[in-house]
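Thanks, everyone. I have a few minutes on one structure, so let me put it up and go through some local details.

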Amino acid sequence: MNHTLTAAAAGFGTGLSLIVAIGAQNAFVLRQGVRRDAVLAVVGICALSDALLIALGVGGVGAVVVAWPGVLRAVGIVGGLFLLCYGALAARRALRPGAGLRAEGEAAGSRRRAVLTCLAMTWLNPHVYLDTVFLLGSLAADRGPLRWTFGLGAALASLCWFAALGFGARLLGRLLARPGAWRVLDGLVAVTMLAMGTALIADS
């Protein structure tokens with residue numbers, strides 16, 4: 001029992017340390033959370049995607065994917081271009097006076113856009129594969145028969161983090177009620193997206 005809890009705790013801690021790092025996905029979840037726009041769907045997509053990728057890594061798929069490095073290179077280029085486009089849109093919002101967003105969100109039509117954007121943020125980011133499939137998968141392999149317990153702990157860390165980030169962001173609603181505050185947030189999102197997009201394309 002102690003070994004099981006230790007493996008789960010190790011997976012939780014390792015997963016959390018990888019997920020908490022500031023990135024495009026976290027910035028997007030934060031923005032959706034503050035706007036209260038499709039938060040449950042976005043949090044669910046992020047958590048379930050991580051759980052699936054972690055399961056693939058624990059199952060040994062990471063070793064197979066290494067045989068086709070061109071796949072990650074292609075994903076890196078496509079993902080980098082996507083982040084550059086999204087970053088440009090965020091920069092445009094930040095530079096437009098009076099373009100502040102409402103914390104209560106927009107029409108239901110934006111929900112579909114939020115879901116598609118979240119899917120792209122998650123599955124077109126090669127760093128997600130490196131962290132979940134390769135790194136967590138290799139660390140889980142060292143746990144032997146407890147590798148799935150380690151993976152479960154990592155998946156639980158992902159769920160807790162995205163839920164806290166998405167739903168906890170509502171506490172910032174009053175702070176970001178002014179258009180000027182939204183412009184600052186969009187500016188930070190733009191810098192993050194543009195920097196990561198440029199880095200992905202350069203690495204690829």
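I'll start with alanine 41, which counts as partly exposed because its relative accessibility is 29%. Keep in mind that this is a predicted model. Alanine 41 sits in helix α3, residues 39-58.

Next, a helix pair. Two packed helices are described by the angle between their axes and the distance between the axes. For helix α2, residues 24-35, and helix α8, residues 147-168, the angle is about 40 degrees and the axes are 7 Å apart. That makes α2 oblique to α8.

Which residues meet there? From α2 we have Gln25, Asn26, Val29, Leu30 and Gly33, and facing them in α8 are Trp161, Phe162, Leu165 and Gly166. By class, this contact of α2 with α8 has five nonpolar residues, four polar and no charged.

Now the cysteines. How many disulfides does a search of the whole structure find? A disulfide is a covalent bond between the sulfur atoms of two cysteines. Take cysteine 118: the closest cysteine sulfur to its own belongs to cysteine 46, at 3.6 Å. The cut-off for a disulfide is within 2.5 Å, so that separation is too far for a bond.

Is cysteine 118 buried or exposed? Its relative accessibility is 1%, so cysteine 118 counts as buried. Cysteine 85, on the other hand, has 53% relative accessibility and therefore counts as exposed.

That's what I have; I'm happy to take questions.

Methods:
Residues numbered from 1 in each chain as written. Predicted model: local features only at pLDDT ≥ 70, side-chain atom pairs only at ≥ 80, totals over all residues. Heavy atoms only, no water. Axes fitted to C-alpha atoms, helices over the stretch in contact; angles between N-to-C directions. Helix = DSSP H or I, 4+ residues; strand = E, 2+ residues; numbered from the N terminus. Parallel < 35°, antiparallel > 145°, perpendicular 65-115°, else oblique. Contact = heavy atoms within 4.5 Å. Nonpolar A, V, L, I, M, F, W, Y, C, P; charged D, E, K, R; others polar. Buried < 20%, exposed > 50% of the residue type's maximum accessible area, 1.4 Å probe, protein only.
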